[in-house]
Amino acid sequence: MAYRLSLILIALWAGALWSTGMSAYVLFDSLQDKQLAGSLAGKLFNVVTYIGFASAFYLLIHRLVQFGTSALKQSFFWAVFVMLLLVLAGHFGIQPILEGLKSQAFPADVMQSVFADRFRNWHGVASLAYVFECVLAVVMVLKAR
């Protein structure tokens with residue numbers, strides 16, 4: 001049962017990462033109001049963050065219980081561990097910076113403020129981290145056995 005739950009969580013987390021990335025692209029491409037697109041995408045990314053927290057903790061603990069310290073020699077374990085670090089860095093590091101820049105620019109749109117360059121740079125860091133997490137999700141899926 002624990003193994004099946006781990007497969008479900010792998011599918012849920014990887015699928016959520018990939019579908020949210022595509023959904024964010026569609027939102028920004030389709031909506032005229034980029035603030036609304038960003039707000040909706042942010043809510044989706046927030047859900048994926050919590051899926052990532054829960055999935056990573058379960059998957060890491062499950063691997064350690066199942067394989068003991070030999071789990072530390074598995075690429076699956078390290079892919080999930082780095083994914084968790086990226087989720088933590090995004091949620092507790094990058095997101096607060098982005099939110100701070102938005103609140104400093106308020107009531108103006110951050111992209112129309114003096115903070116636009118800093119926001120763009122940090123958003124780029126967040127995007128790169130997310131893409132790296134999506135690539136690691138491929139490793140996680142392929143090494144799930």
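Helices here are DSSP runs of H or I with at least four residues, numbered from the N terminus, and their axes are lines fitted to C-alpha atoms over the stretch in contact, with angles running from 0 to 180 degrees between N-to-C directions. The model is predicted, so that local features need pLDDT of at least 70 and side-chain atom pairs count only at pLDDT 80 or more, while totals for chains, interfaces and linings use all residues. Residues are numbered from 1 along each chain as its sequence is written, and side-chain values use heavy atoms, with hydrogens and water left out.

| Helices | Angle | Axis separation |
|---|---|---|
| α1 (residues 2-30) and α4 | about 145° | 10 Å |
| α2 (residues 34-67) and α3 (residues 75-105) | about 145° | 9 Å |

The crossing of α1 and α4 is left-handed, a term for a near helix turned anticlockwise from the far one by less than a right angle. In this packing, residues of α1 including Trp 13, Leu 17 and Trp 18 meet residues of α4 including Tyr 130, Cys 134 and Val 138, where contact means heavy atoms within 4.5 Å. The contact of α1 with α4 comprises 12 nonpolar, two polar and one charged residues; Ala, Val, Leu, Ile, Met, Phe, Trp, Tyr, Cys and Pro count as nonpolar, Asp, Glu, Lys and Arg as charged, and the others, Gly among them, as polar.

The crossing of α2 and α3 is left-handed. Among the residues that make this contact are Tyr 50, Phe 53 and Phe 57 of α2 and Phe 77, Phe 81 and Leu 84 of α3, and the contact as a whole divides into 15 nonpolar, three polar and one charged residues.

Helix α2 has 34 residues and reaches 47 Å from its first C-alpha to its last, close to the 50 Å expected at 1.5 Å a residue, the expected span being 1.5 Å times one less than the number of residues. Just after α2, Gly 68 takes a positive phi of about 65°.

Six aromatic pairs are present in the structure, a pair being rings of Phe, Tyr and Trp (its six-membered ring) whose centres lie within 6.5 Å, with planes under 30 degrees apart counted as stacked, over 60 as edge-to-face and the rest as tilted. One of them, formed by Phe 45 and Tyr 130, is edge-to-face, at 4.9 Å centre to centre and 75° between the planes. Because Phe 45 lies in helix α2 and Tyr 130 in helix α4, this pair ties together parts that are 85 residues apart in sequence.

Pro 107 lies in the loop between α3 and α4 (116-142), and a cis peptide bond, with omega about 10°, joins Phe 106 to Pro 107.

Note on methods
Helices (H or I, at least four residues) and strands (E, at least two) are DSSP runs, numbered from the N terminus.
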